[in-house]
Amino acid sequence: MSLLKAENIHKRYGKEEVLKGVSLELERGETMVVIGPSGTGKSTFLRCINQLTPPDKGRVWLDGVEVTHPKCNINKLRAQMGFVFQDFNLFSHLNTLRNVSIGLIKVKGMRKEDARKLAMKELERVGLNDKLDAYPAQLSGGQQQRVSIARALAMEPKLILFDEPTSALDPELIGEVLEVMIKLAEDGMTMLVVTHEMGFARAVADEIVFMEHGVIVEQGSPQQMFSAPKHPRTGEFLNKITELYGETA
Amino acid sequence: MLLRATLINIELLLALLLLGLLLGTIVALLQVYGGRFAGTLAAGYAWVFRSIPALVLLFLFYFGPSQFGINIPPFIAATIALGIRSSAYQSQIFRGAIQAIPQGQMMAARSMGMSRLQAIITIIVPQAIRLSLAGWSNEFSSVVKDTTLAYVVGLNEVLRHARIIMDRHYELAMLAYVAVALIFLVLTYSGNRSLSWLERRLRIPGLQMKGGTQNT
């Protein structure tokens, strides 16, 4: 059984149909990278998975439990799916340590001392154990994004959804975030990543999904997608994006 | 005598601020998160009680019920009238503060499994309080002075006492009112100083806020 299954996801904003029936499956320990031009519904799709944006139609299962079921405990299920945002969304009134531990205390009901220890461990994992007392506004974008990854990790989720995690970063800060993500993928974390970082995709993706106009155009292994794409649009897009962004990872 | 009467103003001030804080917080949260129906209701409440003059509210809450044989003590009537009025103003201060917090933080809280209420309590409210302080200290200086309006419903507050002094010894009229004026200068000043101290204390490092100094 796959860890994550999305079936026929539809989402419409007013007249515009952003998602026109997207289905995919993700195995445990797999890293899947979703690519595609801006405005093709990639971010909306991620949000439909954890129900931040409930889909109009279609179903999602996490580890066999239906996330889209009207009677499911969505808060409990969300706690099992980490989400890393493009613009970090750290809690500005909490320092680094508390940003990571607050979910453990409030959602998992962990004791403060235990939450603190676990948070420190996760912050060490992203290389920020020297910034425990710093507040988000005192950190660089790259550091903030690493805190937000630690915040997701600390909840010990079954998978993490990444929504363009490096798109809001200055070029020189992208590397440190990708480095953390590559390490995670190697450690066996299940990841669904929307990104334009082709180097990252090539290096760690088990599967690449190319999305355009609300549908999945093509999906396959990185080798196949980069060297022998079946669909002409896939090749065009990959060429263009590699030219634009280069390969940082 | 004047100083002792000032204590009544201070009591009224604290009571009405507290009532305004409680109601104002609820109204603000309803207006932002309450959905269409509760939101409209909250906005209507804020609009109505900001539109009616304080004196009219005082008369309404004091003489209104007594017409039906319900006698509300002046202190209670003044607390309710001025407290409700203040809650309408406070609600708009809090609403602005809540809306100034990036929406992504709510999403981040929900995405880690917090309920809406948990997210509001642990993420939104602590930040909204900080953002409200500047506006709130403005509201404070305005209601400090409003406490003298309770004079009209017969509360034995400081202005009424000055009036009594004048009635007995007309030669002291100037002195009495100057004393009252000075009392309010001190009250407003010390209140605002405490609030700006609080504002500095609660300031989030790295975030520059009005009234604070940057130290990043």
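1. The contact between the chains draws 21 residues from chain A and 21 residues from chain B. On the side of chain A that touches chain B, the elements giving two or more residues are α2 (74-78) and α3 (96-106) of chain A. By class, that side of chain A comprises 10 nonpolar, 7 polar and 4 charged residues. Please bear in mind throughout that this is a predicted model.

2. Chain A contains an open sheet of 4 strands, ordered β2-β1-β4-β5, with antiparallel pairing. Its edges are formed by β2 (16-26) and β5 (65-66) of chain A, each of which pairs on one side only.

3. Within chain A, strand β1 (residues 4-13) pairs with strand β4 (residues 57-62) over 5 bridges, in the antiparallel sense. A residue-level view of chain A is given by A:Glu7, which stands opposite A:Arg59 in β4(A).

4. Which residues touch the most other members of the largest nonpolar core? In this core of 123 residues, they are A:Val34, A:Ala150, A:Leu161, A:Met191 and A:Leu192. The element that gives the most to this core is helix α4 (residues 74-100) of chain B, with 11 residues. From chain A, the core draws at least three residues from each of domain 1 (4-80 + 159-245) and domain 2 (93-156).

5. The surroundings of A:Leu192 may be inspected individually. Leaving aside residues up to four places away in sequence, A:Leu192 touches A:Leu4, A:Leu26, A:Met32, A:Val34, A:Leu46, A:Leu159 and A:Leu161. Two of these partners, A:Val34 and A:Leu161, are also listed with A:Leu192 among the core residues that touch the most other members.

6. Chain B has 8 helices and 0 strands. Read from the N terminus on, its elements run α-α-α-α-α-α-α-α. One of these helices, α4 (residues 74-100) of chain B, is the leading contributor to the core described in point 4.

7. How much of chain B counts as buried? The figure is 37% of its 216 residues. The C-alpha trace of chain B spans about 70 × 50 × 20 Å along its principal axes. Of the contacts in chain B between residues at least 6 apart in sequence, 72% join residues at least 24 apart.

Technical notes
Residues numbered from 1 in each chain as written. Chains lettered and ligands numbered in written order. Predicted model: local features only at pLDDT ≥ 70, side-chain atom pairs only at ≥ 80, totals over all residues. Contact = placed C-beta atoms within 7 Å. Nonpolar A, V, L, I, M, F, W, Y, C, P; charged D, E, K, R; others polar. Pairing = 2+ DSSP bridges. Core = buried A, V, L, I, M, F, W, Y, C linked by C-beta atoms within 7 Å. Buried ≥ 20, exposed ≤ 12 C-beta atoms within 10 Å, placed from the backbone. Domains from an automatic or database assignment.
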